Amino acid sequence: MKRQKTLETNANNGNLFDLLSEEIVFTILDFIDTNPLDRKSFSLVCKSFYIIESKHRKNLTPLRQEHLPRILNRYPHVNHLDLSLCPRINDNSLNVISNTCKDSLNSIDLSKSRFFSYNGLMSLALNCKNLVSIDLSNATELRDSAAAAVAEAKNLERLWLGRCKLITDMGIGCIAVGCKKLRLISLKWCISVSDLGVGLIAVKCKEIRSLDLSYLPITNKCLPSILKLQHLEDIVLEGCFGIDDDSLAALKHGCQSMKALDISSCQHISHVGLSSLISGAGSLQQLTLAYACPVTLALANSLNRLSMLQSVKLDGCAVTSAGLTAIGNWCISLSELSLSKCLGVTDEGLSSLVTKNKDLKKLDITCCRKITGVSIAYITNSCTNLTSLRMESCTLVPSEAFVLIGQRCQFLEELDLTDNEIDDEGLKSISRCSNLSSLKLGICLNISDEGLSHVGMKCTKLTELDLYRSAGISDMGIIAISRGCPGLEMINMSYCIDITDRSLLSLSKCSRLNTFESRGCPLITSLGLAAIAVGCRQLIKLDIKKCHNIGDAAMLPLAHFSQNLRQITVSYSSVTDLGLLALASISCLQSMTVLHLKGLTPSGLAAAVLACGGLTKVKLHLYFKSLLPQPLFEHLEARGCVFEWRDKEFQAELDPKCYKFQWEDIAQ
């Protein structure tokens with residue numbers, strides 16, 4: 001009766017939302033959980049929504065370490081804490097986290113932080129009993145004592161220690177003994193860990209599913225115990241130069257549970273060692289051999305027992321036509337094939353392979369410079385279900401071949417045609433691919449607004465468009481894209497020299513735009529960029545290098561409206577001390593590149609970098625290094641900021657065709 005009376009009162013007061021249960025509101029929040037601005041708007045509707053949104057939020061990605069106490073107090077039920085944008089996390093920060101979150105915290109990402117130690121990690125491990133995932137990648141100063149603290153997290157299942165170069169076998173041994181529930185561990189570039197440490201993981205952590213040993217100085221000694229792990233599914237041995245054919249030949253049994261194997265850059269493993277390693281691995285689904293042994297007939301034949309193989313990545317390998325043909329014969333269930341930068345890929349080998357693999361969904365033939373339209377004809381005829389095709393710099397493929405892609409592969413979602421001979425007829429055909437979300441057309445000198453307009457009209461799901469140095473594109477093409485693709489999130493139109501403010505005014509209607517690159521567009525001005533700032537408030541990355549007509553008048557709107565901006569490049573523009581200082585009000589700003597600004601003074605630069613409290617990287621001309629006081633650098637570096645110095649002279653811009661010729665010379 002009382003409940004009914006309350007409902008009637010709320011209804012009479014006009015607040016119908018109070019009639020909804022908390023569970024129903026949680027369901028509503030699930031649908032808007034991807035956009036932080038939408039969540040913020042939701043929480044501001046009323047006091048009850050503010051409280052419910054704080055209970056619903058399970059994932060947090062703070063931008064500044066000093067805000068942690070207030071944020072955690074606002075969101076007490078956080079499960080996952082991503083601190084990869086906070087480089088200055090220290091022991092005090094981890095104490096605050098562990099004492100506030102306690103048992104609710106399941107996972108934490110500290111992969112970009114470097115100021116914490118044993119004490120902070122120990123507090124985290126002892127107070128957060130339900131912690132199952134920790135990412136400590138790039139914590140290059142951590143030692144074995146820190147690893148011993150991690151070992152106190154008894155329920156830990158996933159641990160990343162990439163580039164923790166000072167942790168030795170002793171520290172890994174502590175983790176192996178203390179964290180017996182581990183299912184995933186990454187030791188990539190832990191160069192002080194040897195066979196002993198890896199062997200202890202294999203012996204003590206029987207639940208391991210995923211093991212990354214990239215670039216470790218290990219030999220064959222630890223392999224038998226690794227391959228005995230009954231649940232091991234994914235093993236990465238990239239760059240393990242101490243493993244060779246002779247050591248692998250001694251293995252009597254492979255790993256039957258293995259589903260993914262990566263032996264990229266293992267220069268001493270040939271098809272002989274590979275055969276030993278995959279012996280008995282009948283469940284293998286993914287095989288990565290990038291920059292490893294040549295793809296010959298012998299290697300292909302070693303794959304003949306892998307009937308479940310779905311993905312093969314051979315990037316950077318020397319291949320033969322016989323090898324590719326044999327892979328096509330043996331691996332008939334492939335859904336993904338990568339031949340990026342492979343030497344020796346010809347029409348004969350590629351055509352034979354794709355003819356047998358009609359279920360391919362992803363194909364990467366980047367920089368396969370010997371293939372022609374013959375290969376494209378076979379690919380489009382056989383692999384009509386492709387969702388991803390990457391073929392950058394396939395320069396022998398004629399323009400008419402690209403028409404076949406649009407005619408036959410209409411399920412494409414990702415298409416990379418950078419540095420190719422595609423023309424407007426090809427673009428018109430490709431516009432039939434209505435599911436396209438990513439289209440890269442950089443250094444395509446034969447396309448114009450006419451072809452791009454077809455894409456704008458028909459590819460309405462497009463979120464990413466790269467037009468880098470495609471000099472035939474002007475305002476008409478960009479306007480067509482902005483009108484037809486309202487969900488656009490990223491556009492690169494650098495060095496499209498005919499672009500003006502008309503394009504920017506049109507793009508300002510794409511409210512989801514988060515990455516805008518327009519370097520080398522001399523006709524755009526502060527007016528156009530101001531429109532982007534006002535309309536695209538989710539902007540994260542901005543590059544206006546060599547936009548000489550953009551100055552302080554654009555920085556002020558950016559400072560006011562682009563509060564999510566994290567990375568900006570203003571080199572060679574007309575920004576002065578005033579504009580740079582205005583950017584200090586953007587609390588999210590972390591990376592700034594400032595080269596060759598005529599209106600920038602040492603005092604103005606010093607004031608700006610001091611005021612930008614969240615900076616983690618600043619790229620400056622070497623000229624300023626002697627003009628700024630050393631205590632300034634020491635203070636900023638203590639805050640977690642890294643300075644990169646450049647001594648480049650002012651460079652005049654090349655004609656697009658001259659640039660393409662230089663690019664081809666370098667590639668050859």
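## Salt bridges

This structure holds 11 salt bridges, where a salt bridge is a side-chain nitrogen of Lys or Arg within 4 Å of a carboxyl oxygen of Asp or Glu. The model is a predicted one, in which local features need pLDDT of at least 70 and side-chain atom pairs count only at pLDDT 80 or more, while totals for chains, interfaces and linings use all residues. Residues are numbered from 1 along each chain as its sequence is written, and side-chain values use heavy atoms, with hydrogens and water left out.

Let's start with Arg209 and Glu207, a salt-bridged pair whose closest N and O atoms are 2.9 Å apart. Arg209 is partly exposed, at 21% relative accessible area, and Glu207 counts as partly exposed too, at 30%. (Buried means under 20% relative accessible area, exposed means over 50%, and partly exposed is in between, with a 1.4 Å probe and protein chains only.) Further along there's Arg646 with Glu644, where the closest N and O atoms are 3.3 Å apart. Arg646 counts as partly exposed at 30% relative accessibility, and Glu644 is partly exposed at 24%.

## A bridge between strands, and a network

Which strands do Lys541 and Glu517 lie in? The two side chains meet in a salt bridge at 3.8 Å, N to O. Lys541 sits in strand E20 (residues 541–543) and Glu517 in strand E19 (residues 515–517), so this pair ties together parts that are 24 residues apart in sequence. Helices (H or I, at least four residues) and strands (E, at least two) are DSSP runs, numbered from the N terminus. Lys541 is partly exposed, at 28% relative accessibility, whereas Glu517 is buried, with a relative accessible area of 13%.

Salt bridges can also link up: Glu53, Arg57 and Arg74 are joined in a network of them.

## Two helix pairs

Now for some helix packing. The axes of helix H6 (91–101) and helix H7 (residues 118–127) come within 8 Å and cross at roughly 5 degrees. Axes here are lines fitted to C-alpha atoms, for helices over the stretch in contact, and angles run from 0 to 180 degrees between N-to-C directions. H6 and H7 are therefore roughly parallel to each other; angles under 35 degrees count as roughly parallel, over 145 as roughly antiparallel, 65 to 115 as roughly perpendicular and the rest as oblique. On the H6 side the contact involves Asp91, Leu94, Asn95, Ile97, Ser98 and Asn99, and on the H7 side Asn119, Gly120, Leu121, Ser123, Leu124 and Asn127. Contact means heavy atoms within 4.5 Å.

The other pair is helix H15 (residues 321–330) and H16, with axes that come within 8 Å and cross at roughly 0 degrees. That crossing makes H15 roughly parallel to H16. H15 brings Ser321, Leu324, Thr325, Ile327, Gly328 and Asn329 to the contact, and H16 brings Glu348, Gly349, Leu350, Ser352, Leu353 and Lys356.

## What is tucked away in H17

Which residues of helix H17 are buried? In this helix (residues 373–382), they are Gly373, Ser375, Ile376, Ile379, Thr380 and Ser382. An α-helix has 3.6 residues a turn, so residues three or four places apart point the same way. The cover over the buried residues of H17 includes helix H16 (347–356), strand E13 (362–364) and helix H18 (401–408).

## Loops with something to look at

Lys102 has a positive phi, near 50 degrees, and its place is the loop between H6 and strand E3 (107–109). Ile443 has a positive phi of about 55 degrees and is in the loop between strand E16 (438–440) and helix H20 (449–458). Lys102 is partly exposed, with a relative accessible area of 45%, while Ile443 is buried, at 3%.

Glu400 lies in the loop between strand E14 (388–390) and H18. Glu400 is exposed, with a relative accessible area of 54%. The C-alpha atoms of Glu400 and Ile422 are separated by 7.7 Å, with the two residues 22 apart along the chain.

## A nonpolar patch

Leu20, Ile24 and Ile28 make a nonpolar surface patch of about 220 Å². Patches are made of residues with over 30% relative accessible area and no salt bridge, with like charges joined within 9 Å and nonpolar side chains (Val, Leu, Ile, Met, Phe, Trp, Tyr) within 5 Å; accessible areas come from the Shrake-Rupley method with a 1.4 Å probe, and for residues only the protein chains shown count as cover. Ile28 is found in helix H2 (residues 22–31) and counts as partly exposed at 36% relative accessibility.
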